2 protein chains.
Amino acid sequence: MRFVKKARYVKKIVAQARKKGKIIGFVPTMGYLHEGHLSLVRIARRKAQFTVVSLFVNPTQFGPQEDLQSYPRDLKRDKILLKKEGVDLVFYPERTEIYPEGYSTYVEVQGLSTILCGVSRPGHFRGVTTVVLKLFNIVQPDIVVFGRKDFQQAVIIKRMVEDLDLNIKIVTGKIVREKDGLAMSSRNTYLSEKERENATVLYQSLVWAKKAYSGGVRDPHWVIDKMRDMIENRGGKVDYVEAVDQKTLKPVKHLYKGTLIVLAVYFGKTRLIDNIVL
Amino acid sequence: MRFVKKARYVKKIVAQARKKGKIIGFVPTMGYLHEGHLSLVRIARRKAQFTVVSLFVNPTQFGPQEDLQSYPRDLKRDKILLKKEGVDLVFYPERTEIYPEGYSTYVEVQGLSTILCGVSRPGHFRGVTTVVLKLFNIVQPDIVVFGRKDFQQAVIIKRMVEDLDLNIKIVTGKIVREKDGLAMSSRNTYLSEKERENATVLYQSLVWAKKAYSGGVRDPHWVIDKMRDMIENRGGKVDYVEAVDQKTLKPVKHLYKGTLIVLAVYFGKTRLIDNIVL
């Protein structure tokens, strides 16, 4: 496994692999890896012959009041985990490698970026699309794997790839959960013991919604209101709970097979997201 | 010469040329070609082994009050001219090929896009960088040639290429002028006989500024005021006349070798731009 900090080395190493006819797979991450990330790496390893993983806590996707400084990091552990997975190349750039002085270019997917998480995190997705496009240009992958926990992110990136005519296939990996159902997230480490326990209500409420749908319920408002109650009863502060179309992310009028139930909820200062497909 | 409307064919044809080891040169244009464009094509032909020219009047770089509808077009003549120049591939997409329904992704270079022409044409450069990035992704050129008449555009695109880690070399070609000094522009066709005659003052004022600098003048304000007077005396309505740094496009405090004098002036409804390097 190669472990490099400079974009120009990534370009060189990947170009060599490509010359040998290898398909390039890529998993961009912010590090502090958990089983969710590793499941994406395994997908990339299955679909490609040369796998690149990036570790970069991207400052442009954090708001001024958000957790950029406290975001957990453990480069040493990440390195060990990725080596075990058989990753070929790890890119862990410094901030100035990605955003040198005078950096001024930003990419934005309109509409999709200003709903759901985009409401309480203005500028977040602009930061995501900008860094992802840069990483795509550096790595030049054939296939990129994103997790379905960040569902909105995956939809936005697919839109960007299509709009900008990039020759990249976006693949998504399913949500990996703790035994009690909580979706894995680097941010789970922020939770107190009590918050961690209460946070299990998120998945419980999503499973409940899916059961309600299976039982014949079609009114999204009824389901959403009930979910809000469940979450608030366990001390969660709801940012949003919505029933949306998987592609447009617009609220649905009636629940149907494939409707996405998405939520973002604070436990204390920690903001968690999760979703389920009906 | 191949002449295609679809991005996927461009990708295929260029990929074949690249497989043969050819360097790909590209000149993006809005068509209605004049000697200025053709001089850029000749640069591309000299520096590359496979030359692509695009003809696309890009709607996203026109403001709602601007001349998108009336912008001159002559595809037949453009085709003949490009064939004569030995161009390998001409891409002339429909609007929906570049911006299909649901298109939502925009690229912006901050700071540089909101000064000079960006003041009176808000959103213009965002449209330019968006379409240029798309065209870059479709054509995947090694070298791209832009004209120096649109100096700000070239600076912005160089910034974008650097910021987004694109593997593209940007080359600029010098301004081509009519015999009386007026910079060639597709928009010159809008001018009445009288306006066309008066518009020669633009280059005259730039040459005058250069002479003033050679004669020892270092105060930009004195030069700019004088140029404004010259232009207004011939019926030009000044949008801006500025003395700026070539790289940052920021106003200079004292004139120095390499200072860029830039201007945008209306004659009637026609907005013309020009510049000179001291």
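**View 1. The contact between chain A and chain B.**
In this predicted model, 21 residues of chain A are in contact with 21 residues of chain B. On the chain A side, the elements that contribute two or more residues are strand S5 (105–109), helix H6 (124–139) and helix H7 (151–163). S5(A) gives the most, with 5 residues. By residue class, the chain A side of the contact divides into 11 nonpolar, 5 polar and 5 charged. Of the interface residues of chain A, 100% are also interface residues in chain B, so the copies meet through the same surface.

**View 2. Strand S5 of chain A beside strand S5 of chain B.**
The two strands run antiparallel and are joined by 5 bridges. One pair to locate is Glu108(A), which stands opposite Tyr106(B) in S5(B).

**View 3. The rotation axis that relates the chains.**
Two copies of a chain are related by a rotation about an axis and a shift along it.

H10(B) covers residues 220–233, which makes 14 residues. From first C-alpha to last the helix reaches 20 Å, close to the 20 Å expected at 1.5 Å a residue. The buried residues in H10(B) are Pro220(B), Val223(B), Ile224(B), Met227(B) and Ile231(B). Seen down the helix axis, the buried residues of H10(B) fall within an arc of 95°, so they line one face. The face turned away from that buried side carries His221(B), Trp222(B), Asp225(B), Asp229(B) and Asn233(B), which are exposed. Among the elements of chain B that cover the buried residues of H10(B) are helix H9 (200–214), strand S8 (237–244) and strand S9 (260–267). Just after the helix, Gly235(B) takes a positive phi of about 85°.

H1(B) spans residues 7–19 and has 13 residues. Its reach from first C-alpha to last is 18 Å, close to the 18 Å expected at 1.5 Å a residue.

**View 4. Two leucines of chain B with positive phi.**
Most residues other than glycine have a negative phi. Leu116(B) is not a glycine, yet its phi is positive, at about 50°. Leu116(B) sits in the loop between S5 and helix H5 (117–120) of chain B. Is Leu116(B) buried or exposed? It counts as buried because 24 C-beta neighbours lie inside 10 Å, and 20 or more are required. Leu249(B), also not a glycine, has a positive phi of about 60°. The place of Leu249(B) is the loop between S8 and S9 of chain B. Leu249(B) is partly exposed, with 19 other C-beta atoms within 10 Å.

**View 5. Thr248 in the loop between S8 and S9 of chain B.**
Thr248(B) lies in the loop between S8 and S9 of chain B. With 13 other C-beta atoms within 10 Å, Thr248(B) is partly exposed. Thr248(B) and Ser39(B) are 209 residues apart in sequence, and their C-alpha atoms are 26 Å apart in space.

**View 6. Strand S2 of chain A and its parallel partner.**
In S2(A) (residues 24–29), 6 of the 6 residues are buried, so the strand is largely enclosed by the rest of the structure. Both faces of S2(A) are covered, with Ile24(A), Phe26(A) and Pro28(A) buried on one side and Gly25(A), Val27(A) and Thr29(A) on the other. S2(A) runs parallel to strand S3 (residues 50–55) of chain A, and 6 bridges join the two. Val27(A) stands opposite Val53(A) in S3(A).

**View 7. The hairpin of strands S9 and S10 in chain A.**
Strands S9 (residues 260–267) and S10 (residues 270–277) of chain A run antiparallel and are joined by 8 bridges. Leu263(A) has Asp274(A) in S10(A) as its bridge partner. The hairpin has 2 residues between its strands, and Gly268(A) in the turn has a positive phi of about 65°.

Definitions and conventions
Residues numbered from 1 in each chain as written. Chains lettered and ligands numbered in written order. Predicted model: local features only at pLDDT ≥ 70, side-chain atom pairs only at ≥ 80, totals over all residues. Helix = DSSP H or I, 4+ residues; strand = E, 2+ residues; numbered from the N terminus. Expected span 1.5 Å × (residues − 1). Buried ≥ 20, exposed ≤ 12 C-beta atoms within 10 Å, placed from the backbone. Arc of directions from axis to C-beta. Contact = placed C-beta atoms within 7 Å. Nonpolar A, V, L, I, M, F, W, Y, C, P; charged D, E, K, R; others polar. Pairing = 2+ DSSP bridges.
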